[in-house]
Amino acid sequence: MPLRVLAPLLLATVLGCSAQEVNSPLDFFPGSQPTSWAVCDKFGAAGDHVQVCASLVNAPGTQTAISYSISFFLPRTLHVRLAAFDAHGALVKVLLDGEESATIGQYRTPPIIWDFTDSRGVRVPRGNYRCYIAAGPDFVSSSDVAVP
Amino acid sequence: MIAGRSAALRSWFLALVFLEMLLACGSACRAGTQDSTATTPPPRPATPSARSGEEQDRFELGIGAVQGFFDVTGSFAYRRFLNERGPFERSAMGELTGTTKSQLSEGIVSLYVFFRPIATYRQSWRIRPLIEFGPGVHTVVQVASLEGFNRSSYKAKLYVKSHAYAGFEVLATKRLGFLVRGRMSAPSHHPFDYAQAAILLR
């Protein structure tokens, strides 16, 4: 076979990407624009805009995260939807979906806890996930979560 | 991590440029080296395509079954026959494919250069074996629709692969025909990754 035929074939084979396939889901999260919510300890809720805070909760006496604790401040009653998505953008679990009263104090208590389970209660595989929150018609925010 | 990603992008870009140079390095490159290789016989120049009229180019409107997450994909392609050189006929093809499943939609822009052994068919045949191979560059764009948030996330990726196709093309009339073919790709976790049926418009 002539070199001019063989060379591009070999080059494409060697340089081609086998780790992922065409026609397979790409990893969206964390993407080129990773996001994160502030830790609730440093949360200074005030004013008339929505704020969100979150932190990983470790198992007692360990550095292993067992859940993701999310809270927020609402200046008025709003419909809030909070959900976790996997790296391919598939819905994993809806954590909150309903009317929430205006927040009294710094932030909502108790916080919303994602225990790293899906909608069936099965623990999700380790990997990258992203939580989205929408409050009212205008506010949407997200935060990446690395599940160990 | 960012540095690693930019390095990967840079190496991809260089690889593509190199591939492009190899593919484009046809008769012009060979002509440039002829003077310095006096002892070797001059290579046979590329002949213009022996194809004429409706054999020169065609559109392909197809549907395919793919290995992987998605089930069915639609495709639209334009193919132009370039020339014959040695035992191969060369053609270039641009292809758009699209598919969707659950939260994901995918569009792919692909560019191929195909080598088809001339000995495998005759233009006079109405049913022709379709055996060809060549490199392909694929730009994949996926859109994830985030359920319940009226939002979408986008991701794009570039792939370079070698492909081999085998199948048949049947010419119903001078301008209309159809084809069925399967594809093998390398590198790939699923080497047999694509089966397609398409209508030809010449």
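Mentor: We'll take the sheet, then the cores. This is a predicted model: local features need pLDDT of at least 70, side-chain atom pairs count only at pLDDT 80 or more, and totals for chains, interfaces and linings use all residues. Residues are numbered from 1 along each chain as its sequence is written, and chains are lettered from A and ligands numbered from 1 in the order in which they are written.

Trainee: In what order do the 4 strands of the open sheet in chain A run?
Mentor: E4-E3-E6-E7, with antiparallel pairing. Strands are DSSP runs of E, at least two residues, numbered from the N terminus; two pair if DSSP finds at least two bridges between them.

Trainee: Which strands stand at the edges?
Mentor: E4 (91-100) and E7 (139-147) of chain A. Each has a single partner strand, so one side of each lacks a neighbour in the sheet.

Trainee: How many bridges join E3 and E4 of chain A?
Mentor: 8, with E3 covering residues 78-85. Leu82(A) stands opposite Leu96(A) in E4(A).

Trainee: Switching to the core. Which residues touch the most other members of the largest one?
Mentor: Val52(A), Cys131(A) and Ile133(A), out of 32 residues. A nonpolar core is a set of buried Ala, Val, Leu, Ile, Met, Phe, Trp, Tyr and Cys residues joined through C-beta atoms within 7 Å. Buried means 20 or more other C-beta atoms within 10 Å of the residue's own, placed from the backbone.

Trainee: Which element gives the most to this core?
Mentor: E6(A), with 6 residues.

Conventions
A residue is buried if 20 or more other C-beta atoms lie within 10 Å of its own, exposed if 12 or fewer, and partly exposed in between; C-beta atoms are placed from the backbone.
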